[in-house]
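Student: I would like a close look at a single part of this protein, with its surroundings described step by step. Could you take me through it in one connected answer?

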Amino acid sequence: MLCSCGCLQKPGSGGKRRSSSSAEEASSSRMSELAANGRRPQTEPASSRTSSLLQLFHRKGPKCFRKPQRPKSPMQAEKTIRAAIFIQKWYRQHQARQEMRKRCNWQIFQNLEYASEQDQAELYKFFHELIKHMPQAAGTGNKSPTSTCTTLLEESEALMEEVGDIVSTKVEIPIMRSQIDLLIDVFRKKRSNRLHPKYVVLILREAAKSLKEMPNLSMVSTAVSQQVTVCGDLHGKLDDLLVVLCKNGLPSTSNPYVFNGDFVDRGKKGLEVLLLLLSLYLAFPNAVFLNRGNHEDSVMNARYGFSREVERKYPRNYKRLLHLIDEVYRWLPLGSIINNRVLIVHGGFSDNTDLELIKTIDRSKYVSILRPPLTEGQPLDKAEWQQIFDIMWSDPQSVPGCIPNTLRGAGVWFGPDTTEKFLERHRLSYMIRSHECKPNGHEFTHDNKVITIFSASNYYAMGSNKGAYIRLNNQLVPRFVQYISAASQAKRLTFKQRVGIVESAALKELAVKMREYRDELETEFRKYDPDDKGYITISKWCYVMEKVTKLGLPWRLLREKLAPGTDSKSVNYFRTLDLLDTDVIMEAEADGTSVMDALYANKTSLETIFNIIDADKSGEITLDEFEKAIDLLDAHMPGDTSKSEMLEKCRMMDLNGDGKVDLNEFLEAFRLSDIHRKQQQEADIRKRSTTRSSINQPPSDSVTKLANIISKNTLIIEQDIDPTDCESKVIELK
């Protein structure tokens, strides 16, 4: 019946369109219709009228229904303004809290990553000091394994058969486009995603042979392609690599790529990423350029997971595969230059970096950048070693100057003045680097002359960061494509759930790191709790946390998470310790690799140390040689252990009691020490559990609840990779 109202008639329906309408006209029309039907108009309830009017408003909008404006009294206006200000204030506080949580989580991730790399860089410092201050070390590097390399690249020794889901996909040289599609289809699957080991060996061997012919700095041109794509760190994130290839297309002469290092470690698909990149390089040799990063290093792989990944996937052939991977690493180019105007290296440079010198370096000597290079009895050129270290490990800083990078423990921080001089000296326009995770996948610094690109999205946890790649046109103007993989998983989560996942991942990594200092923390806490009540002040708790861990984190903000359920004036430090002893944290610690684990797993480092200390090259270390080495290290790298304690440890290495230590005894001492360390850790855990039971202080409900949340939020469910399941955005320069 309401359709007969003039105010609801559509234009051209036969009746003249009313220029305006009101509530009174709608009511009059309704009453006229009822009267025409011989029925008395009845008064409708207020709620019914309101409902009808609202329906009318929502159906036809304000043009057909205007509610008369009623002037507000000054008191009503004041209330409205006060309410708006209150809502605005609450919203801003909420946004500030969320931003603070986000920055706090980001700081945890970055500080832990740098602290871990700092531990690893200590190995480089150790070797550097040995070589610097021990005369016999300066002229003695590792023997060059040229013959070994040739054997590895030419041998046809039969491989052992692996058990499990090995696919029947074959790889033939030369690799064709169709085989690339098959490899992508195999690698992206959750199961049945392992090639036969003979094809893995084939790809690694052929790639190493081809990379040997590449210069130290690859020269890339856009003369034919008119554009080039640059990708940053991938860190075993196959889903991100497939997103890039899906969005940007496979390499070709018209679509060249530069991949800027750090292909492996941390992610679970590092081997697949490496094999796919090498296959792309073999299939499109003039369109794929691979640069070496600081994680293309066997010492780093032993610490950050890639070595264990290869062993897990090919348990019967992993040693041979790792040797071949080392061959690939040592022949990877150190950087690329586009059109002689844009430099691409993994880390950066220092005020001493000389590209002409880098072009002449024999890069094959550096199987590991953290160990002395391979030589044939020739004196070690420390300046050359430093050149490679600086381009792999350095980071930009906002202030002028070039200073040692104390955060990473390796490389330098280079300022805008260093960048300006470097670019001017080498006639470059700008440089592209990677090496650092950025929230948006990219970052400009130094007046847009240094670009950082990072291609691994969800790097720390789901939703922690976006990935990106750069497309440069013929004029070398950059355009960024920003993306996040596995976008559908994030869409199913609420904002609170996404924040919770990132926060849980940050707390889990922090708690695992804190377990290294668990006993020291308890000792320091008890110093400020003479009555053994379990409570200390917040300031003392923060002081102890920073003093012991030296992580530089905002401990006051983290108190509620690391000591849950405590009041605002004091901290129950038992809850902090209980959190470190929960199953989820201890299991995560067991999955990780300590510096000692990595050092023992990479026995080449131990052999190098042995050869340096063995001054007379007899193949045995005497107590006098140990003592001289200790005196030099104590003078230049002082530690907490006294000389007498160090000498006693040296005597303990002499397992057969002949007064000398050979290489086998040296390695065995590290193995036994590692076993003893792990047994001591287990004994300490049992002791703490018994102590907690005797004083009737089981873990609190708040600690148990937090541990369950961390376990739930950090649980990763593997699925087949779908590269179309992503969100991307093109960012043009203004």
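Tutor: Two strands count as paired if DSSP finds at least two bridges between them. With that criterion, and bearing in mind that this is a predicted model, we can begin with an open sheet of three strands, whose order is E9-E11-E10 and whose pairing is mixed. Its edge strands are E9 (395–396) and E10, each of which pairs on one side only. E9 and E11 run parallel and are joined by two bridges, and Pro-396 stands opposite Phe-414 in E11.

Which residues of H15 are buried? They are Thr-418, Thr-419, Phe-422 and Leu-423. These residues cover an arc of only 125° around the axis, which puts them on the same side of H15. After the helix comes Arg-427, which has a positive phi, near 55°.

E6 and E7 form a hairpin with three residues between them, and in its turn Asn-339 has a positive phi of about 50°. Within E6 (residues 335–338), Gly-335 and Ile-337 point one way while Ser-336 and Ile-338 point the other way, yet all of them are buried. E6 also pairs with strand E2 (residues 217–220), in the parallel sense and over four bridges; there, Ile-338 in E6 is the bridge partner of Val-220.

For comparison, consider helix H22 (residues 583–591), in which Val-584, Ile-585 and Ala-588 are buried. Seen down the axis of H22, these buried residues fall within an arc of 100°, so they line one face of the helix. The face turned away from that buried side carries the exposed residues Asp-583, Glu-587 and Ala-590. The buried residues of H22 pack against three helices, namely H17 (495–514), H21 (573–580) and H28 (701–713).

The structure holds zero disulfides. The sulfur of Cys-726 lies 6.4 Å from the closest cysteine sulfur, in Cys-246, which is too far for a bond. Cys-726 counts as buried at 17% relative accessibility, and Cys-231 also counts as buried, at 1%.

Finally, a word on confidence. The protein averages a pLDDT of 81, and 76% of the residues score at least 70. Over residues 1–44, however, the pLDDT is below 50, and this stretch has 25 contacts in the model beyond near neighbours in sequence. Over residues 138–148 the pLDDT is likewise below 50, with 23 contacts beyond near neighbours in sequence.

Methods:
Residues numbered from 1 in each chain as written. Predicted model: local features only at pLDDT ≥ 70, side-chain atom pairs only at ≥ 80, totals over all residues. Heavy atoms only, no water. Buried < 20%, exposed > 50% of the residue type's maximum accessible area, 1.4 Å probe, protein only. Arc of directions from axis to C-beta. pLDDT = per-residue confidence, 0-100. Contact = heavy atoms within 4.5 Å. Disulfide = S-S within 2.5 Å.
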